[in-house]
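Trainee: Please walk me through this structure, one question at a time.

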Amino acid sequence: MQPEAIPPSVTALPRAIARLVRHRWAEHSARRALPPETLQRLAERVTASEQLHTGQIRIVAELSLPWSYLRRQASARERAIMLFSKYRVWDTEHNNGVLIYLLMPEHAIEIVADRGVSRHVPPAEWQQLIAQMSAHFRRSEYEQGLQNTIEVVSSRLVRHFPRTSHGPGVNELPDAPVVR
């Protein structure tokens with residue numbers, strides 16, 4: 001008589017619980033990494049950047065994934081794509097929104113660019129930028145890493161979606177980073 005196989009959902013549960021504990025344990029230090037004054041300076045950088053191009057930049061930092069993502073071992077990329085949709089970064093007039101996503105407890109960074117930007121900026125450039133951000137984050141230089149990232153994203157948007165001289169244009173998305 002053969003023993004019954006254990007369903008994958010049962011074996012994944014301990015990993016999900018361990019991941020949940022790691023996320024909840026890291027929430028306090030993640031909040032300290034991005035204090036309110038840092039968030040304000042980053043919002044100002046995004047605002048200044050968007051005066052130079054028609055693109056939209058959103059920063060979302062998550063202190064912990066929702067249980068539904070933890071339970072099924074969802075990736076940071078999957079969550080970033082969902083937040084890209086939730087915060088309507090995809091819904092810009094010129095399809096040129098860019099989401100910078102941080103999953104703080106896992107030190108995961110994702111950049112999701114709308115289809116207009118993706119036509120001009122290959123994924124390898126975003127991966128290189130993520131590597132640079134990671135180097136800053138390993139040294140606990142969160143603000144500097146995000147400021148540099150805003151500058152690089154802005155330079156790509158200026159090159160491919162420059163603001164014309166017909167005025168400041170419309171700010172389609174809020175500039176303040178979201179910490180959730």
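**Contacts and layout**

Trainee: Of the contacts in the chain with a separation of 6 or more, what percentage comes from residues 24 or more positions apart?
Mentor: A contact means heavy atoms within 4.5 Å. Among contacts with a separation of 6 or more, the share from residues 24 or more positions apart is 73%.

Trainee: What kind of model is this, and how are its residues numbered?
Mentor: The model is predicted, so local features need pLDDT of at least 70 and side-chain atom pairs pLDDT 80 or more, while totals for chains, interfaces and linings use all residues. Side-chain values use heavy atoms, without hydrogens or water, and residue numbers run along each chain as its sequence is written, from 1.

Trainee: What percentage of the 180 residues counts as buried?
Mentor: Buried is under 20% relative accessible area, exposed is over 50%, and partly exposed is in between (1.4 Å probe, protein chains only). Of the 180 residues, the buried share is 47%.

Trainee: How far apart are the end C-alpha atoms of α7?
Mentor: The expected span of a helix is 1.5 Å times one less than its number of residues. For the 19 residues of α7 (residues 142–160) this should give 27 Å, and the distance between the end C-alpha atoms agrees: 27 Å.

Trainee: How is α2 oriented relative to α7?
Mentor: Axes are lines fitted to C-alpha atoms, for helices over the stretch in contact, with angles from 0 to 180 degrees between N-to-C directions. The axes of α2 (residues 36–49) and α7 come within 10 Å and cross at roughly 10 degrees. Angles under 35 degrees count as roughly parallel, over 145 as roughly antiparallel, 65 to 115 as roughly perpendicular and the rest as oblique, so α2 and α7 are roughly parallel.

Trainee: Which aromatic residue pairs with Phe137?
Mentor: Rings of Phe, Tyr and Trp (its six-membered ring) pair if their centres lie within 6.5 Å; planes under 30 degrees apart are stacked, over 60 edge-to-face, and the rest tilted. The count comes to 1 aromatic pair. This pair is tilted, with 4.9 Å centre to centre and 40 degrees between the planes, and the partner of Phe137 is Tyr142.

Trainee: Is Leu34 buried or exposed?
Mentor: Leu34 is in the loop between α1 (8–33) and α2. Not counting residues up to four places away in sequence, Leu34 touches several residues, including Tyr142 and Leu146. With a relative accessible area of 7%, Leu34 is buried.

Trainee: Over which ring does the charged end of Arg79 sit?
Mentor: A charge sits over a ring if NZ of Lys or CZ of Arg is within 6 Å of the ring centre and within 35 degrees of the ring normal. Arg79 is in α4 (residues 76–86) and is buried, at 3% relative accessible area. Its charged end is 4.7 Å from the centre of the ring of Tyr69.

Trainee: How far is Arg72 from the ring centre of Tyr69?
Mentor: Arg72 lies over the face of this ring. The distance to the ring centre is 4.7 Å.

Trainee: Near what value is phi of Arg88?
Mentor: Arg88 lies in the loop between α4 and β2 (97–103). At 43% relative accessibility, Arg88 is partly exposed. Its phi is positive in a residue other than glycine, near 60 degrees.

Methods
Helices (H or I, at least four residues) and strands (E, at least two) are DSSP runs, numbered from the N terminus.
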